[in-house]
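Try each task before reading its solution.

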Amino acid sequence: MLYKRLRYRTMGDRALLVELGNEIHATVNQAVRALFITLEKHPIPGVTDVVPTYRSLLITYNPLAISLTTLQVEIARARKRVKPGDLPEPGKFEIPVCYGGRYGPDLEWVARYTGMTPEEVVHLHTGSTYQVFMIGFTPGHPYIAELPEALFTPRRETPRSHVPRGSVGVGTKQTVIYPFESPGGMHILGRTPWVLFDPNRSPPTLLNMGDRVRFFPIQEEEMGCWKTRNPWKS
Amino acid sequence: MENTKSLEVLAPGPLTTVQDLGRPGFGRYGVPPSGALDTFSLRIANLLVGNAEGEAGLEITLMGLRVKALTDLNVAVTGGDLQPQCNNTPLEMWRSHRVRRGDILLFKAPRKGCRAYLAAGGGIAVPSVLASKSTNCASHFGGLEGRPLRKGDILTANQPQRHLADAGRALRASMIPHYSKQWLLRVLFGPQEDDFTNQGKELFLHAPFEVTPQSDRTGIRLSGHPVERKQRLPESIISEGVVSGTVQVPGDAQPIIILVETITGGYRKIATVITADLPRLGQIKPGDQVRFQAVSLEQALEALEHMEAIIARLKEDAQGSPSRLPMKTKIKG
């Protein structure tokens, strides 16, 4: 549900959570994106960072430069400025994934859990267009939703301590891609050769909040050739 | 830019990294701020050697760093007392010193605190990545090649000779922070304090917690009385942004104080350490004891103003320093 009014929660003396709704839902997330883009266009002096997530924005500020009260007034003002028509078109991406085998050690498990064959899992996973709800956890790490219900799974009971870079995982209603080797609690279906984060580019992330994403299957021997076709805007 | 070889790493210790004041402003890309954990100490160290307060320095964890000066250098060591030495003689902390080419600096072992900061006049010349020289070790960027220092690394500084005349500057003794093994951290409740039981909140404020060895730059993991959430509530919440100092409580009811390498999280957060106490988080080490004390927003801001006043005063002193002005003129001429 999208709240009628913004809800505020303080996180210490220098951060304010601004909540727009109470669930993981496309409408709520689009409202977060709209407010985020408006705040980017009309920055509030004293604000040091804005982190948009599923249903909220975390505003970090210098409390010696702007008071909490003024900050809330400014955010409410920004909300009124939001013009949905003005928002930039989200990016569209078709992401190559090598499913199963050594790159997708959990494809078999997901197939068993969902009562499908591995081929059916891949078919279903590549059959929908998804939305990037947020970037978080590690640099460039997208949370992509919402999976077809037949692919819902619980997270792994024991998270892996080392998930290889590029791994594409599913868990709950979501797909994630690990841009770096990191711990991870999702079921790994495959791997993409694409680089999702490059700190020397601007923006440093390939995918951004609001982008539309589809996946398509590639063969193991194709991993190398897709690597060279990373669609960064240069 | 004229860079001069300044320091050679003879031994890196368990974890020494290049850090400045971090890279706030990239949270939307999932990029955590990184940066020195004890920003107060790094800022002071920089000011003592005549750098801008936000210049990069070395964050030395616990012990073991051994470096050789490759040129005459103005250096200052602040933060945790890791028993710094120059050529086997104790080096006074919170004061800048002129070291000579060939001198060897060593951080022997922790006596108080956890992390020391070494600033050198002219800073550390590494490229700025996403607006900061800080090392993000998990994602391999920033600092020196995105990694901790290794034996054989050579650091460079920007015109270190310009800073030599600033040597001898010191922080007033009354302003030097004291570190013990028992920490009282001031917090503001929230953002999800209502999700915890009254008993959970009481215990959070009154029971001491022990710092576990699993602590690192992502978070300080505590163990102690369970901080219980209300019964019907699930372990996780919808992921949201976090800041360093936020105290999250996962399913096992053992709190974790989030530090600078984390940007989002999906656990409930009972309270957040006030900004003025954040630098002290960098000095807490495994085995130490932590207690929390609730304060008001006014008290939090007063404490922050007090800390900033110390920095401002040192900056004024530095500007009025007689050694500084002629040096500048000489270089210009």
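**Exercise 1: Sizing up chain B**

Task: Work out how many helices and strands chain B has, then check its overall dimensions.

Solution. Start with the secondary structure: chain B has five helices and 19 strands. Keep in mind that you're looking at a predicted model.

Next, the dimensions. Along the principal axes, the C-alpha trace of chain B spans about 70 × 35 × 35 Å. For 333 residues, a compact globule would have a radius of gyration near 20 Å, and chain B has 20 Å, so the two agree.

Now the packing. Of those 333 residues, 53% count as buried. Finally, take the contacts in chain B between residues at least 6 apart in sequence: 78% of them join residues at least 24 apart.

**Exercise 2: The same check on chain A**

Task: Run through secondary structure, box, radius of gyration and burial for chain A.

Solution. Chain A comes with five helices and 13 strands. Its C-alpha atoms fill a box of roughly 55 × 40 × 35 Å along the principal axes.

With 234 residues, the globule rule gives a radius of gyration near 17 Å; chain A has 19 Å, which agrees. Buried residues make up 44% of chain A. As for contacts with a separation of 6 or more, residues 24 or more positions apart account for 61% of them in chain A.

**Exercise 3: Domains of chain A**

Second, the contact: seven residues of domain 1 of chain A touch seven residues of domain 2 of chain A.

**Exercise 4: A helix pair in chain A**

Task: Decide whether H1(A) and H2(A) are roughly parallel or roughly perpendicular.

Solution. Look at the axes of H1(A) and helix H2 (residues 68-81) of chain A: they come within 9 Å and cross at roughly 110°. Angles from 65 to 115 degrees count as roughly perpendicular, so H1(A) is roughly perpendicular to H2(A).

Then list who meets whom. A:Leu35, A:Thr38 and A:Leu39 in H1(A) meet A:Ala78, A:Arg79 and A:Arg81 in H2(A). By type, this contact has three nonpolar, one polar and two charged residues.

**Exercise 5: Domains of chain B**

Task: Find which elements of chain B give two or more residues to the domain 1 side of its domain contact.

Solution. Domain 1 of chain B runs over 3-173 and domain 2 over 182-295, with C-alpha centres 29 Å apart. The contact takes 21 residues from domain 1 of chain B and 13 from domain 2 of chain B.

The domain 1 side splits into nine nonpolar, ten polar and two charged residues.

**Exercise 6: Where the chains meet**

Task: Describe the side of chain B that touches chain A, by element and by residue type.

Solution. Count first: 35 residues of chain B are in contact with 36 residues of chain A. On the chain B side, strand S15 (236-241), strand S18 (264-273) and helix H4 (297-320) each supply at least two residues. H4(B) gives the most, with six. By type, the chain B side has 18 nonpolar, twelve polar and five charged residues.

Terms used:
Residues are numbered from 1 along each chain as its sequence is written. Chains are lettered from A and ligands numbered from 1 in the order in which they are written. This is a predicted model: local features need pLDDT of at least 70, side-chain atom pairs count only at pLDDT 80 or more; totals for chains, interfaces and linings use all residues. Two residues are in contact if their C-beta atoms, placed from the backbone, lie within 7 Å. Helices (H or I, at least four residues) and strands (E, at least two) are DSSP runs, numbered from the N terminus. Ala, Val, Leu, Ile, Met, Phe, Trp, Tyr, Cys and Pro count as nonpolar, Asp, Glu, Lys and Arg as charged, and the others, Gly among them, as polar. Axes are lines fitted to C-alpha atoms, for helices over the stretch in contact, and angles run from 0 to 180 degrees between N-to-C directions. Angles under 35 degrees count as roughly parallel, over 145 as roughly antiparallel, 65 to 115 as roughly perpendicular and the rest as oblique. The radius of gyration is taken over C-alpha atoms; the globule rule is 2.2 Å times the number of residues to the power 0.38. A residue is buried if 20 or more other C-beta atoms lie within 10 Å of its own, exposed if 12 or fewer, and partly exposed in between; C-beta atoms are placed from the backbone. Domain bounds come from an automatic or database domain assignment.
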